[in-house]
Amino acid sequence: MTAPGADGAGPGGPAARIVAERRLHPVTPFRRAWAPVAVLVGWAAHDPNQAQAQLTRLTSTTLLIALAVVVPAAALYGFLSWWFTHFAVTDSELRIRTGLLFRRTAHIRLERVQAIDVTQPLLGRIAGVAKLRLDVVGTDKKDELAFLGEAEARALRAELLARAAGFAPETAHEVGEAPACELLRVPARELAVSLVLTGATWGALAAALVVPPVLWLATHSVWTVLATGVPLLGAAGARSAGRFAGEYDWTVGESPDGLRIDHGLLDRTHETVPPGRVQTVRFVEPLLWRRRGWVRVELDVAGSANSVLVPVAPREAAEAVVARVLPGTAVPAAAALSRPPRRAGRCVPLWWRGYGLAVTEAVFAVRHGLLRRSLALVPHAKVQSVRLSQGPWQRLWGVADVRVDTGAGKTVTARLRDVSEAGELLRDQAERSRTGRRDARPDRWMA
């Protein structure tokens with residue numbers, strides 16, 4: 001099926017390009033056929049008593065007739081939703097046309113694409129298919145193409161990135177996937193130990209061990225203890241098991257189109273950190289990780305939901321990866337971070353000792369936290385605005401907060417600085433941001 005493209009010139013110009021529309025993988029109807037069944041299951045879960053009452057009224061013959069109607073109807077819905085879904089790549093955009101009764105056409109401008117991820121659920125890996133997910137500027141929800149053949153998904157991703165980088169349409173599909181050089185791989189044992197040493201894991205486990213005995217002493221009801229203790233114990237294990245499965249075999253590689261991130265035990269995900277889109281890099285250091293020298297690196301990326309760069313790694317290895325994200329940036333040492341004045345303890349007792357600040361030629365660096373330290377690095381070029389805030393109690397003790405807003409909609413705050421220092425920071429940071437944007441790297445893919 002073909003449709004005329006909208007990229008042709010007007011009268012006197014070249015003829016409009018004919019854009020070939022494509023369909024998703026033939027396995028897609030099986031995935032979408034579950035939608036009517038999911039509606040019935042959702043209704044039953046919402047009102048189980050009513051659902052049980054309705055089931056008891058049905059005879060065996062009625063149930064067989066219902067199944068004979070529901071199963072073909074679900075299959076027909078899956079087939080029709082797949083049949084009426086098309087996508088096409090033009091010179092400047094990706095078009096996705098969907099809808100059985102209500103038609104929807106998405107026009108995704110390639111220069112507004114932030115990231116393109118390839119994900120493979122467990123059943124998708126068995127069937128040899130993958131899902132293409134796109135982060136686009138100005139949208140909260142990711143557009144996706146599910147499902148495509150694994151090879152087709154990778155080829156389409158490479159073509160979209162090439163076109164977004166400015167390659168000619170006739171040569172973009174020949175560029176292929178850019179080669180990647182591995183920078184870091186997280187061993188499974190190191191990941192498992194890091195999860196055991198995370199405070200959230202111990203907190204959930206402590207709740208699972210403490211709450212049931214307290215309930216037993218208060219109620220002497222076995223059912224109350226089981227109804228509370230079993231979910232708590234399951235949550236304590238499920239949180240860590242879920243993170244382990246999601247972050248298993250975490251690999252970071254470098255390619256011309258950005259840093260490649262591959263991870264997942266059951267569901268495999270292939271992500272890309274877009275160059276020039278990183279607004280903040282954050283080093284997180286839980287208390288029990290410090291003896292081993294481990295850190296977790298998180299990101300704020302404009303328009304993207306990708307938030308983890310390295311789940312756990314030695315600090316030196318993590319800093320080497322961050323140097324690829326923010327070239328020319330040196331992570332300030334702990335000794336280089338200046339604390340607030342001692343009178344800041346009148347505003348925030350004890351915890352003020354965890355605050356720190358360092359400003360280098362490349363970044364605005366802020367630390368906070370005593371038990372779980374976090375060091376945020378904001379490149380000067382990514383600062384959108386700088387604000388000084390001061391409450392009544394802070395005015396009394398001559399301290400103020402300096403807030404730096406980034407393009408990812410997040411704020412990094414230097415807490416409880418001396419008021420004269422805060423005013424100087426405000427003026428200097430505005431100038432550093434202006435000059436930083438002038439010398440910033442381009443945001444385009446493969447630039």
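The dialogue below goes through several features of a predicted model.

Biologist: What holds the strands of a sheet together?

Modeller: Strands of a sheet pair through backbone hydrogen bonds, and the pairing is either parallel or antiparallel.

Biologist: Over how many bridges do β13 and β18 pair?

Modeller: Strand β13 (residues 278-285) and strand β18 (residues 373-379) pair over 5 bridges, in the antiparallel sense.

Biologist: Is strand β20 largely enclosed or open, and why?

Modeller: Count the buried residues, where buried means under 20% relative accessible area. In strand β20 (residues 399-406), 7 of the 8 residues are buried, so the strand is largely enclosed by the rest of the structure.

Biologist: What pairs with β20?

Modeller: Strand β19 (residues 383-389) pairs with β20 in the antiparallel sense over 6 bridges. V386 has V404 in β20 as its bridge partner. Strand β21 also runs antiparallel to β20, and 6 bridges join the two. There, R403 stands opposite T413 in β21. The hairpin of β20 and β21 has 4 residues between the strands, and in this hairpin G409 takes a positive phi near 75°.

Biologist: Which residues other than glycine have a positive phi?

Modeller: D249 is one of them, with phi near 55°. D249 sits in the loop between α10 (222-247) and β10 (251-255), and counts as partly exposed at 23% relative accessibility. L416 is another residue other than glycine with a positive phi, near 55°. L416 lies in strand β21, residues 411-418, and is buried, with a relative accessible area of 0%.

Biologist: Where is there a cis peptide bond?

Modeller: Look at the bond from A146 to F147, which is cis, with omega near 5°. F147 is found in strand β8, residues 143-149.

Biologist: Which residue forms a salt bridge with E144?

Modeller: The partner of E144 is R133, and their closest N and O atoms are 3.9 Å apart. E144 lies in strand β8 and R133 in strand β7 (residues 129-136), so the pair ties together parts 11 residues apart in sequence. E144 is partly exposed, with a relative accessible area of 29%. R133 is partly exposed as well, with 30%.

Biologist: How far apart in helix α10 are R243 and E247?

Modeller: R243 and E247 are 4 residues apart in helix α10, about one turn of the helix. They form a salt bridge, with the closest N and O atoms 3.8 Å apart. R243 counts as partly exposed at 24% relative accessibility, and E247 counts as buried at 9%.

Biologist: Which residues are linked in a network of salt bridges?

Modeller: E182, R185, D249 and R268 are linked in such a network. D249 is also the loop residue with a positive phi.

Biologist: Which residues form a nonpolar patch on the surface?

Modeller: The patch consists of V196, W202, L287, L288, L350, W351 and L371, and together they have about 710 Å² of accessible area. L350 is in the loop between α11 (315-325) and β16 (356-359). L350 is exposed, with a relative accessible area of 54%.

Note on methods. Residues numbered from 1 in each chain as written. Predicted model: local features only at pLDDT ≥ 70, side-chain atom pairs only at ≥ 80, totals over all residues. Heavy atoms only, no water. Patch = residues over 30% accessible without salt bridge, like charges linked within 9 Å, V, L, I, M, F, W, Y side chains within 5 Å. Areas by Shrake-Rupley, 256 points an atom, 1.4 Å probe, with all protein chains shown as cover. Salt bridge = Lys/Arg side-chain N within 4 Å of Asp/Glu carboxyl O. Buried < 20%, exposed > 50% of the residue type's maximum accessible area, 1.4 Å probe, protein only. Pairing = 2+ DSSP bridges.
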